[in-house]
Amino acid sequence: MSGTYKNLFNADSLHDFGRDFQSVYPEFPIGAFVASVMDDTWDDLELKGRWQQVTNVLASYLPQDYAEALAILDQVVANYSGWDGVYGMVFPYFVESFGQDEANWDLSMAAMKNYTQYASAEFAVRPFIISNEDRMMAQMRKWSRHDNEHVRRLSSEGSRPALPWAQALSKFKQDPTPVLPILEQLKDDPSAYVRKSVANNLNDISKTHPELVVQLAQDWQGKSDHTDWIIKHACRTLLKQGNRDALALFGFHDDATLDVTEFYLEEPSSNQQQNMPTITTGEDLAFSFAVHTKESTKLRLEYGIDFVKANGKTSRKVFQISEGELGADETKTHTKKHNFKDLSTRKHYPGIHAITLIVNGVERGTLSFELLC
């Protein structure tokens with residue numbers, strides 16, 4: 001994703017960006033700005049590096065007084081009809097880069113509250129949390145009660161212990177207690193945008209404090225449709241891990257009345273020496289199975305693939321098939337395909353892989369196959 005977005009920074013878009021600044025700050029030199037940004041290092045920079053490059057060069061052509069520079073940024077924001085997807089992030093990054101001094105605290109808080117309504121300041125707030133946790137978290141709690149959904153979301157998204165692409169909040173990984181009042185405030189927020197952030201924050205917490213998230217989910221369950229959606233999304237990692245408490249919370253039990261049969265790979269090629277199914281990178285692995293239950297029950301169906309990594313070791317990734325109910329003395333057959341095409345997020349390596357069927361968090365059979373590249 002970052003590789004695609006970084007290409008939105010180019011000579012034409014930089015010129016347009018500079019023109020927006022020149023419209024409110026006439027002495028802004030568009031040509032020099034573009035040339036300085038696209039220097040000899042430009043082609044090698046990834047997305048965050050390009051944010052930083054644009055921000056630093058922008059600052060060099062604006063007044064050196066932080067308040068004066070923010071006043072210009074504020075005018076540009078006010079005159080924008082919309083963002084192109086990446087340049088908006090430069091504005092909160094400007095605050096992160098140049099506004100952390102104590103003397104600039106109030107200016108920076110006001111700027112982030114403003115800019116996050118155009119492009120999220122979720123990355124920019126994190127250095128402030130790390131350097132002054134008590135003061136910044138008090139501000140985040142205040143933002144959690146703001147009228148604007150983007151500001152409310154910032155209070156949750158910015159305090160996620162493990163926000164992707166961002167600095168980790170190591171102290172919150174160790175003790176997420178300071179985050180919980182914000183999540184409590186937002187658990188029934190009218191905005192789905194905000195509620196999704198609450199769920200993602202809790203999912204982060206579940207990776208280090210699973211028992212805390214399960215307890216909170218038990219407390220929130222049934223309070224409203226909003227909280228029920230949040231806790232299900234928040235527990236997605238725990239469910240994939242087969243956490244028995246999380247599974248039971250949603251009615252998925254390791255039921256002895258369940259029977260899984262006919263689990264096999266469909267029409268595979270064959271490795272004659274090992275008598276093992278084989279597929280080639282880019283092909284589909286197709287498999288089938290049947291589930292029978294004597295009593296009506298809820299079913300969560302998943303499969304895990306033990307992928308061979310570059311070092312020859314294996315690492316499992318779990319994929320969900322479906323959730324539903326099976327009636328008493330009912331049998332249902334399932335057929336599923338998994339594609340082994342290389343992706344930007346996953347490269348496949350040759351070797352012996354395994355696929356495991358998982359029903360309500362319990363492994364119900366494993367089949368091996370060979371991937372040829």
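**Entry 1: aromatic rings**

I began with one aromatic cluster, formed by Phe-9, Phe-17, Phe-21, Phe-28, Phe-33, Trp-42, Tyr-61, Tyr-87, Phe-91 and Tyr-115. I noted that this is a predicted model, where local features need pLDDT of at least 70, side-chain atom pairs count only at pLDDT 80 or more, and totals for chains, interfaces and linings use all residues. Residues are numbered from 1 along each chain as its sequence is written, and side-chain values use heavy atoms, with hydrogens and water left out.

I wrote down the ring rule: rings of Phe, Tyr and Trp (its six-membered ring) pair if their centres lie within 6.5 Å; planes under 30 degrees apart are stacked, over 60 edge-to-face, the rest tilted. I found 22 aromatic pairs in the structure.

I looked up Phe-9 and Trp-42. They form an edge-to-face pair, 6.2 Å centre to centre, with 90 degrees between the planes. Phe-9 sits in the loop between α1 (2–6) and α2 (11–24), and Trp-42 in the loop between α3 (30–37) and α4 (47–60), 33 residues apart. Helices here are DSSP runs (H or I, at least four residues), strands likewise (E, at least two), numbered from the N terminus. Both Phe-9 and Trp-42 are buried. Buried means under 20% relative accessible area, exposed over 50%, partly exposed in between (1.4 Å probe, protein chains only).

Next came Phe-21 and Phe-91. Their ring centres are 5.9 Å apart and their planes are at 20 degrees, so the pair is stacked. Phe-21 lies in helix α2 and Phe-91 in helix α6 (residues 90–98), so the pair ties together parts 70 residues apart in sequence. I checked burial as well. Phe-21 is buried at 0% relative accessibility. Phe-91 is buried too, at 1%.

**Entry 2: helix α15**

Which residues of helix α15 (residues 225–234) are buried? I found Thr-227, Ile-230, Ile-231 and Ala-234. They cover an arc of only 90 degrees around the axis, which puts them on the same side of α15. The arc is taken from the directions from the helix axis to the C-beta atoms. What covers these buried residues includes α13 (192–206), α14 (210–220) and α16 (236–240).

I then looked at the N-terminal end of α15. Ser-224 caps it, with a side-chain oxygen 3.3 Å from the backbone nitrogen of His-226.

**Entry 3: the sheet**

I traced an open sheet of 3 strands, in the order β1-β4-β7, with antiparallel pairing. Two strands pair if DSSP finds at least two bridges between them. The edge strands are β1 (258–265) and β7 (330–339), each pairing on one side only. β1 and β4 (residues 284–293) pair over 6 bridges. Leu-258 stands opposite Thr-293 in β4.

Conventions
Contact = heavy atoms within 4.5 Å. Polar contact = N/O pair within 3.5 Å; in protein donor to acceptor, adjacent residues only side chain to side chain.
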